Amino acid sequence: MAKIAFIGLGNMGSGMCANLCKAGHEVRAFDLNADSVKAAAGRGAAPAVSLKDAVTGADVVITMLPAGKHVLSVYFGDGGVAAHAAKGTLFIDCSTIAVDDARAAAGKAEADGFRMVDAPVSGGTAGAEAGTLTFMAGGSDEAFVKAKPLLEAMGKNIFHAGGSGNGQAAKIANNMLLGISMIGTCEAFFLAEKLGLDAQTFFDISSVSSGQCWSMTNYCPAPGPVPTAPSNRDYKPGFAVAMMHKDLALAIGAARAAGADLQLGPLAEKVYDNMMARGHGDVDFSGVFKDLHGGL
Ligand code: NAD
């Protein structure tokens, strides 16, 4: 069993940390928010009072933080993880951050004598609680092999996508596709309705025809056909507009840096940007359907 420092006990990290404890690992948990540390302690982790306290004696550090700037400062800032971890410690960052930031962090970690894997997730807070997340990992074969059993304690599908940053690349390309397909699904249901079809009839046809996609069959943005979808609870997230906007911004930034000239990704980003600007960042991202009706 591993000695793990878990840092970042928010919506995602709290469930992930609890699942590592459940699997029998020795976990020391830290977050800037003392209540989150207390809650983690109630679910099997040892509470840490600082990064130093969490990291000292650990052989693996796992982070689940909001964005790249938090990841870089937690690992490499003054008094950060790298200042206190033993050489050879494995760093696993599960946050969604820019591909370039992930590659810079891994390069710095390796230069300082550590190993690092970027392992962003898909599956949301329900997947984090249930231990059914999908992990997309980037890093050396050796680092991935060491990380894999820990990722398996928190997830169901674990992929090694290649070298450093490739986990983030897979994550943002996937989420860009999701952002685009959700808007397309919303527009298709809106058009069908305007042309006289009810949502269930269009769903029955399209879900077994060539327009079928995850946004339709698992997360239908029109209320009715998929009972578990946020469309049936007035678009309470789920996956908020602000989070989709973050992932699209990362995808567009990476595309620009790589010289990939995209058309629909930037348009999708504009749709969510516009919803954010009107104060709807906390609505589920399938709320585009309600927005098309002028209802947001
Ligand atoms: P969150 O804001 O709920 O949690 C982040 C936690 O990090 C907070 O508890 C915060 O206090 C802590 N934190 C911030 N700076 C810190 C520091 N310097 N030291 C210690 N703790 C610090 O965010 P979340 O929803 O758990 O998401 C985490 C990451 O996972 C993000 O990168 C997000 O994009 C990604 N993600 C989220 C979801 C989701 O559905 N929420 C799904 C997939 C991926």
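Good morning, colleagues. The structure is a predicted model, in which local features need pLDDT of at least 70, side-chain atom pairs count only at pLDDT 80 or more, and totals for chains, interfaces and linings use all residues. Residues are numbered from 1 along each chain as its sequence is written, and side-chain values use heavy atoms, with hydrogens and water left out.

I begin with the overall division. The chain is split into domain 1, residues 3-164, and domain 2, residues 169-292; these bounds come from an automatic or database domain assignment. Between the C-alpha centres of the two domains there are 29 Å.

Let me turn to strand β8, residues 133-138. Helices (H or I, at least four residues) and strands (E, at least two) are DSSP runs, numbered from the N terminus. Is this strand covered on one face or on both faces? Both are covered: Leu133, Phe135 and Ala137 lie on one side, Thr134, Met136 and Gly138 on the other, and all are buried. By buried I mean under 20% relative accessible area; exposed is over 50%, and partly exposed is in between, with a 1.4 Å probe and protein chains only.

Two strands pair if DSSP finds at least two bridges between them. With β7, residues 121-122, strand β8 runs antiparallel and is joined by two bridges; here Ser122 stands opposite Thr134. With β9, residues 155-162, strand β8 runs parallel, and six bridges join them. Within that pairing, Met136 has Phe159 as its bridge partner.

Now to the interior. A nonpolar core is a set of buried Ala, Val, Leu, Ile, Met, Phe, Trp, Tyr and Cys residues joined through side-chain atoms within 4.5 Å. Which members of the largest core, with its 35 residues, touch the most other members? They are Phe6, Met16, Leu20, Ile62, Ile92, Cys94 and Phe135. The elements giving two or more residues to this core include β1, α1, β4, β5, β8 and α8. Helix α8 gives the most, namely five residues. A second, separate core has 33 residues, among them Met182, Leu248, Met275 and Val283.

Contact means heavy atoms within 4.5 Å.

Eleven residues of domain 1 are in contact with eight residues of domain 2. The area buried between the domains is about 740 Å², and carbon and sulfur atoms give 68% of it. Buried area is the accessible area, with a 1.4 Å probe, that two parts lose on being put together, summed over both. On the domain 1 side, Thr96, Val99 and Met136 supply 54% of the area buried against domain 2, more than any other three residues.

I close with some local details. Ser206 lies in helix α10, residues 199-206, and is buried, with a relative accessible area of 8%. Beyond its neighbours within four places in sequence, Ser206 is in contact with Gly211, Gln212 and Met216.

The loop between α11 and α12 holds Asp234, Tyr235 and Gly238. Asp234 has a positive phi near 50°, although this residue is not glycine. Tyr235, also not a glycine, has a positive phi of about 60°. The peptide bond from Pro237 to Gly238 is cis, with omega near 15°.
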